[in-house]
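Hi,

Here is the structure I promised to pass on.

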Amino acid sequence: MTALVEEPVAVRTTGAALLELRELVVEYGSGPRRVRAVDGVDLEIRAGEILGLAGESGCGKTTVANAAMQILRPPARLVSGSVRFRGDDLVGKSAEELRRFRWRNVSMVFQSAMNALNPVMRVGDQFVDAMRAHERIDRRRALRRAGELLELVGIDRRRLRAYPHELSGGMRQRVIIAMALSLNPELLILDEPTTALDVVVQREILQQVEALKRDFGFAVLFITHDLSLLLEFTDRIAIMYAGEIVEEAPAERLAATAQHPYTQGLLQSFPPLHGPRSRMTGIPGSPPDLRDPPSGCRFHPRCPHCVPERAGLYLRQTAERPVLREVAPGHRVACHLVEEGLA
Amino acid sequence: MSALEVRDLSKRFPVGGALRRSHVHAVEDVSFELRPGTITALVGESGSGKSTVARLLARLYDPTSGAVLFGGDDVARARRRRDVLRYRSQVQIIFQDPFGSLNPVKTIRHHVERPLRIHRIVPREQVEERAHELLRAVGLVPPEEVAAKYPHELSGGQRQRVAIARALAVEPKIVLADEPISMLDVSIRIGILNLMLKLKAERGIAFLYVTHDLASARYVADEILVMYAGQIVERGPVEQVLAEPLHPYTRLLLAAVPDPARKAGRIEPRKGLASAAVDPPEGCRFVGRCPIAIDVCSRVTPPLVEAKPGQAARCHVTAPST
Amino acid sequence: MSQLDPTIELSLAAPPRRALRGRLRVPGWVALLVRNRKSRTGLLMVAFMVVVALIAPLISVAHPNDFNLLAARQAPSWHHLFGTTDQGSDIFSQVVLGARRSLLLGAAAGALATGLAAVLGITAAYSGGLVDEGVNFLTNVFLTIPPIPLLVVVSGYLKDRGMGTMILVLALVLWAFEARILRGQALSLKNRDFIQAAKASGESTPRIVFGELMPNMISRIAAAFVLVFYIALLTDAGLEFLGLGDMTKTSWGVTLYWAQTNSTVLQGEWWPFVFPGLALAFTVLGLVLLLAGIDEVSNPRLRTDRAPRRRLFATLVGGRFAAARAEASA
């Protein structure tokens with residue numbers, strides 16, 4: 001089947017689960033230095049939706065993306081769990097099958113990808129390389145497609161002949177995104193795509209991605225630490241902390257009705273541009289060291305609701321790991337306090 | 001009553017090949033004041049010159065022209081070590097990268113004690129005690145334990161606090177904070193900003209807060225200066241400027257900043273970069289991206305004009321100089 | 001514990017410390033050198049020669065240059081482990097005593113040249129301007145002087161060919177190369193924020209050069225020292241072999257010189273050549289391996305060790321790299 005189908009494929013209707021991660025566990029290293037970067041993550045990305053994955057450094061979100069693309073390298077390894085794309089488990093597939101899967105079904109834009117362009121090759125040649133690595137296509141057609149894609153991301157197609165250093169950071173990032181879309185994937189994973197860029201360029205690029213998504217119907221997994229971006233640009237948001245998903249909700253609901261104290265704290269870390277100016281609190285302490293994570297709920301040392309006075313609750317918070325529970329349609333939270341409220 | 005007055009400060013860097021005839025106008029004709037007990041935000045995108053301004057004020061670069069007046073004297077011209085040292089004991093700088101601003105092979109104690117010893121802030125016997133006090137003042141407790149550690153043993157937020165403690169050691173009147181939180185985890189940024197607010201209130205320090213993030217500028221600052229391509233294009237009280245911006249670039253920035261209250265706002269992409277230009281021609285630097293540009297904008301560089309009480313902008317259209 | 005009162009409990013926020021061998025950075029670095037295969041081998045080889053040099057007086061005959069015609073030109077035997085020269089001198093004694101001279105000379109020349117290179121190179125890099133221009137000019141002058149011809153000429157003219165002179169001359173000839181390299185590294189460090197912060201605190205230039213820059217360049221300076229060491233060693237032996245050294249002292253080069261002038265090879269006597277040659281080669285090889293090991297340790301990208309060793313490395317260095325890596329990744 002040729003991958004260069006221009007019209008949206010019929011199966012791209014919102015609702016069908018495209019990528020499913022079930023009880024994913026990824027570890028780095030071994031022995032006493034072992035770290036569980038991802039500890040039992042359940043995540044689902046549906047066709048045609050934009051899912052945001054938010055968290056701070058060390059929370060494991062990039063590892064989740066790498067696991068989804070099956071590009072984990074030693075010392076990282078997938079210990080248990082499944083990664084299913086349209087029902088098909090990717091774990092255990094051969095290198096050849098994975099090669100065909102990557103870039104065609106799912107493609108990824110890494111952090112600082114704009115610095116990953118080969119400085120001594122022209123942009124157009126890098127496009128062709130990327131496409132031909134995953135699909136049988138002759139050079140002329142590949143170049144033509146590359147030109148079309150560049151125009152789609154707002155760059156003059158004559159820039160195919162340019163070298164990376166002749167383009168600005170924002171343009172390079174757009175080139176990378178265009179390359180990621182060159183084989184018409186159904187899912188695009190963006191890992192901190194705009195972190196090194198200015199706010200104006202950032203917005204331009206995200207607008208472009210939205211427009212492309214509307215035209216081609218792919219789903220997006222948008223990974224970033226900037227929750228405020230996700231609130232604007234995504235359909236659903238999942239919050240990760242210390243290797244676990246602690247809350248998941250539709251974007252409109254999250255800002256107003258966040259239940260997990262970490263999410264609430266995160267929201268309290270973004271000062272507003274409009275409205276009254278008041279003191280904000282952020283979250284005391286810092287993300288835990290995953291070599292020796294806190295027992296029970298991993299957030300409990302920083303949680304304002306974890307106090308010894310509430311003995312029964314405190315015991316659970318420090319001993320048991322909370323489980324994700326649905327508190328409203330499409331809204332799941334992993335928190336003992338919330339569970340107590342539901343009981 | 002100003003702590004520091006900057007007048008027509010300019011900095012040009014030579015670029016290009018062997019002859020080096022071209023210059024990047026990194027900072028051009030920048031003028032503003034820092035007042036005690038206030039935080040002034042210097043906002044701009046990368047390459048706009050804001051970090052260069054901070055380093056010029058910290059005397060890490062020498063200006064090409066213009067004056068930096070401290071206590072009436074132009075410190076940019078000061079050559080004698082004694083004068084420079086005196087200035088350095090009053091003006092301190094905090095850098096963006098918490099990992100890079102501390103010497104990896106020296107203890108925290110070394111970092112905090114050195115300024116105390118160089119400027120003889122307290123007699124030798126009291127240096128250790130004063131260092132502990134400083135660490136307490138920035139929230140790093142217990143100070144004895146922290147002082148013995150090396151930078152790699154602390155988190156990013158803690159390292160930034162050490163950098164602040166080091167800056168406070170000399171009891172400065174002015175602290176230049178160059179993007180102090182942009183490399184920190186989101187949840188600990190507010191802590192650093194609150195610390196700045198506390199120090200401003202308790203010690204009457206004048207802060208210059210350099211950032212690309214409008215939201216954090218709004219949170220801490222009293223005054224805001226907006227920079228574009230090396231020039232200040234707007235300035236005024238922060239609430240006023242953000243509520244009713246005069247300069248089209250300020251409006252563009254406001255439209256671009258992520259705002260959860262508004263779902264996916266749009267901006268019109270246009271060609272042009274916020275960074276300083278090489279040998280720029282006459283005329284407004286923003287003219288290529290400006291939605292309201294008129295004929296004169298490409299011919300004459302607009303001056304900074306106070307169009308509303310306290311608020312000035314560099315724009316022929318919104319702040320004409322008649 | 002809200003952030004309105006910004007106090008952080010250390011235990012809450014600090015990652016656990018993993019310093020295995022105390023908190024000083026130097027022992028950790030030494031431990032790394034021991035772990036790296038190349039540098040460990042090199043260190044052992046050099047250490048061996050140092051021990052030999054140290055105990056030399058105990059294991060050699062009293063006067064190695066004595067004539068003893070009765071014992072001349074003897075092949076290696078239990079009595080004379082390395083055989084004798086054409087004059088009857090015991091080669092084994094000459095070799096072990098010669099080690100003293102070689103190691104001392106190499107170390108002294110290395111220390112002097114490296115010291116000069118470090119001070120001039122780093123100060124030039126940090127100060128910039130006229131100081132930099134001046135040092136660059138000096139460096140270029142010394143670099144264009146061909147070392148061997150200069151040494152030949154100097155040796156020819158100097159009456160005193162003692163070790164002190166040799167050390168001085170070698171150091172003067174070899175410092176410029178390293179000065180340029182150290183200047184380069186200091187230039188890249190100069191713009192790091194912590195150097196700028198020290199400057200903004202009012203630190204004087206000498207304190208920054210010695211107290212802030214140099215401690216961060218230890219691996220490069222150590223590498224410079226080892227390099228000059230073995231070049232000095234080879235150069236000195238070469239000069240002596242040409243007959244330009246101090247012929248009255250015991251050293252490997254002199255032994256080789258006499259071996260050559262007395263046509264021992266033509267006579268089929270291999271021992272006057274081979275043993276001092278091997279000693280020289282062994283020492284130089286040890287130093288070269290040490291140098292390679294230092295390079296690998298300071299530049300992780302050069303490492304050829306397999307993944308398991310990488311973990312070991314991370315373990316030993318402790319928090320520094322692991323913490324930095326953890327912060328860099330999302």
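Before the first pair, one cut-off: a salt bridge here means a side-chain nitrogen of Lys or Arg within 4 Å of a carboxyl oxygen of Asp or Glu. B:D83 comes out as buried, at 19% relative accessibility. Do keep in mind that this is a predicted model.

Over all chains, the structure holds 52 salt bridges. One of them joins A:R86 to A:E186, with the closest N and O atoms 2.6 Å apart. A:R86 sits in the loop between β4 and β5 of chain A and A:E186 in the loop between α5 and β7, so the pair ties together parts that are 100 residues apart in sequence. A:R86 is partly exposed, at 44% relative accessibility, whereas A:E186 is buried at 8%.

Chain C has a pair worth a look too: C:D236 and C:R101, whose closest N and O atoms are 3.2 Å apart. Back in chain A, salt bridges with shared partners join A:E27, A:R34, A:R36, A:D39, A:R77, A:E244, A:R298 and A:R321 into one network.

Now to where chains A and B meet. Together they bury about 3400 Å², 54% of it on carbon and sulfur atoms. On the chain A side, A:E232, A:L273 and A:R277 lose the most area to chain B, together 22% of what that side buries. The contact takes in 39 residues from chain A and 38 residues from chain B.

How many salt bridges are there between chain A and chain B? The count is 1: A:R277 with B:E239, at 3.1 Å between the closest N and O atoms. There are also 20 residue pairs in polar contact. Helix α6 of chain A gives the most to the side that touches chain B, with 7 residues. That side divides into 14 nonpolar, 15 polar and 10 charged residues.

Last, helix α3 of chain A. Its 12 residues should span 16 Å at 1.5 Å a residue, and the end C-alpha atoms are 18 Å apart, which agrees. Its buried residues include A:F127, A:V128 and A:M131, and what covers the buried residues includes α2, α4 and α5 of chain A.

Cheers

Methods
Residues numbered from 1 in each chain as written. Chains lettered and ligands numbered in written order. Predicted model: local features only at pLDDT ≥ 70, side-chain atom pairs only at ≥ 80, totals over all residues. Heavy atoms only, no water. Contact = heavy atoms within 4.5 Å. Buried area = accessible area lost by both parts, 1.4 Å probe. Polar contact = N/O pair within 3.5 Å; in protein donor to acceptor, adjacent residues only side chain to side chain. Helix = DSSP H or I, 4+ residues; strand = E, 2+ residues; numbered from the N terminus. Nonpolar A, V, L, I, M, F, W, Y, C, P; charged D, E, K, R; others polar. Expected span 1.5 Å × (residues − 1). Buried < 20%, exposed > 50% of the residue type's maximum accessible area, 1.4 Å probe, protein only.
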